[in-house]
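Have the structure open while you go through them.

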Amino acid sequence: MVSLGTTAQRSENMNLDEEMAIYAKKNGYPIELIEKQTCDCGSDLFTLFSDDLEGGAYIVCSKCKKERDIRDSRMYIENKEQNICNCDEESLQISIGVAFFKGTRDPRWIYVGARCPKCELAGAYVDWKEN
């Protein structure tokens, strides 16, 4: 399992969108679109699996167990890791951020961020360049 690394910091009112925007700006590809993830069953809590080296992720609804591929990236996962919060919480609120190529709606960089409902820690868990 992989815990949230150095991309997140504690603050009194941790906002996932803001934390992802800060991370993306430092990465050089600012987020232009954020997609908050909600399952068809109504739940906003998911287990996150990713491959940081290959760039890919998918989520599993904590309530109904339905799986969702993030931006058709699951096929690139070679070494699947379950992402958990530093407090050991496995169910996370997930948002996907997208940076586009200039003047287009073609994705250039994908960011997957998560917020822990237990301790409220938020940040980017995995990101990758689109080809």
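**Notes on the model**

1. Let me start with a serine. Setting aside residues up to four places away in sequence, Ser95 touches Leu16, Asp17, Met20, Ile34, Glu35, Lys36, Tyr111, Val112 and Gly113. Ser95 sits in strand β7, which covers residues 93-100. Its relative accessibility is 3%, so Ser95 counts as buried. Keep in mind throughout that this is a predicted model.

2. Now the overall layout. The protein chain has one helix and nine strands, and the order from the N terminus is β-α-β-β-β-β-β-β-β-β. Of its 131 residues, 43% count as buried. Among contacts with a separation of 6 or more, 55% are between residues 24 or more positions apart. The accessible surface of the chain is about 7400 Å², and carbon and sulfur atoms account for 44% of that.

3. As general background, nonpolar side chains in soluble globular proteins tend to be buried together.

4. Trp128 deserves a look of its own. Not counting residues up to four places away in sequence, Trp128 touches Gly55, Gly56, Ala57, Ile70, Ser73, Arg108, Trp109, Ile110 and Val112.

5. What about the cysteines? The structure holds zero disulfides. Cys64 is in no disulfide, and the nearest cysteine sulfur, that of Cys39, is 3.6 Å away. Cys64 is partly exposed, with a relative accessible area of 38%. Cys85 is in no disulfide either, and its nearest cysteine sulfur, that of Cys119, is 3.5 Å away. With 0% relative accessibility, Cys85 counts as buried.

6. Next, the charged pairs. The count comes to five salt bridges. One of them joins Asp17 and Lys36, with the closest N and O atoms 3.1 Å apart. Asp17 belongs to helix α1 (residues 16-27) and Lys36 to strand β2, so this pair ties together parts that are 19 residues apart in sequence.

7. Arg71 forms a salt bridge with Glu35, where the closest N and O atoms are 2.8 Å apart. That pair links distant parts of the chain, with Arg71 in the loop between β5 and β6, Glu35 in strand β2, and 36 residues separating them. Both partners come out as partly exposed: Arg71 has a relative accessible area of 29%, and Glu35 has 25% relative accessibility.

8. Lys65 lies in the loop between β4 (56-61) and β5 (67-69), and at 54% relative accessibility it counts as exposed.

9. Another salt bridge on my list is Arg74 with Glu67, where the closest N and O atoms are 2.5 Å apart. Arg74 counts as partly exposed at 32% relative accessibility, and Glu67 is partly exposed with a relative accessible area of 44%.

10. Last, another serine. Ser43 lies in the loop between β2 (33-36) and β3 (46-51). How does its side chain reach the backbone nitrogen of Leu45, that is, at what distance? The separation is 3.2 Å. Leaving aside neighbours within four places in sequence, Ser43 is in contact with Thr38, Cys61 and Lys63. At 12% relative accessibility, Ser43 counts as buried.

Terms used:
Residues numbered from 1 in each chain as written. Predicted model: local features only at pLDDT ≥ 70, side-chain atom pairs only at ≥ 80, totals over all residues. Heavy atoms only, no water. Helix = DSSP H or I, 4+ residues; strand = E, 2+ residues; numbered from the N terminus. Buried < 20%, exposed > 50% of the residue type's maximum accessible area, 1.4 Å probe, protein only. Contact = heavy atoms within 4.5 Å. Areas by Shrake-Rupley, 256 points an atom, 1.4 Å probe, with all protein chains shown as cover. Polar contact = N/O pair within 3.5 Å; in protein donor to acceptor, adjacent residues only side chain to side chain. Disulfide = S-S within 2.5 Å. Salt bridge = Lys/Arg side-chain N within 4 Å of Asp/Glu carboxyl O.
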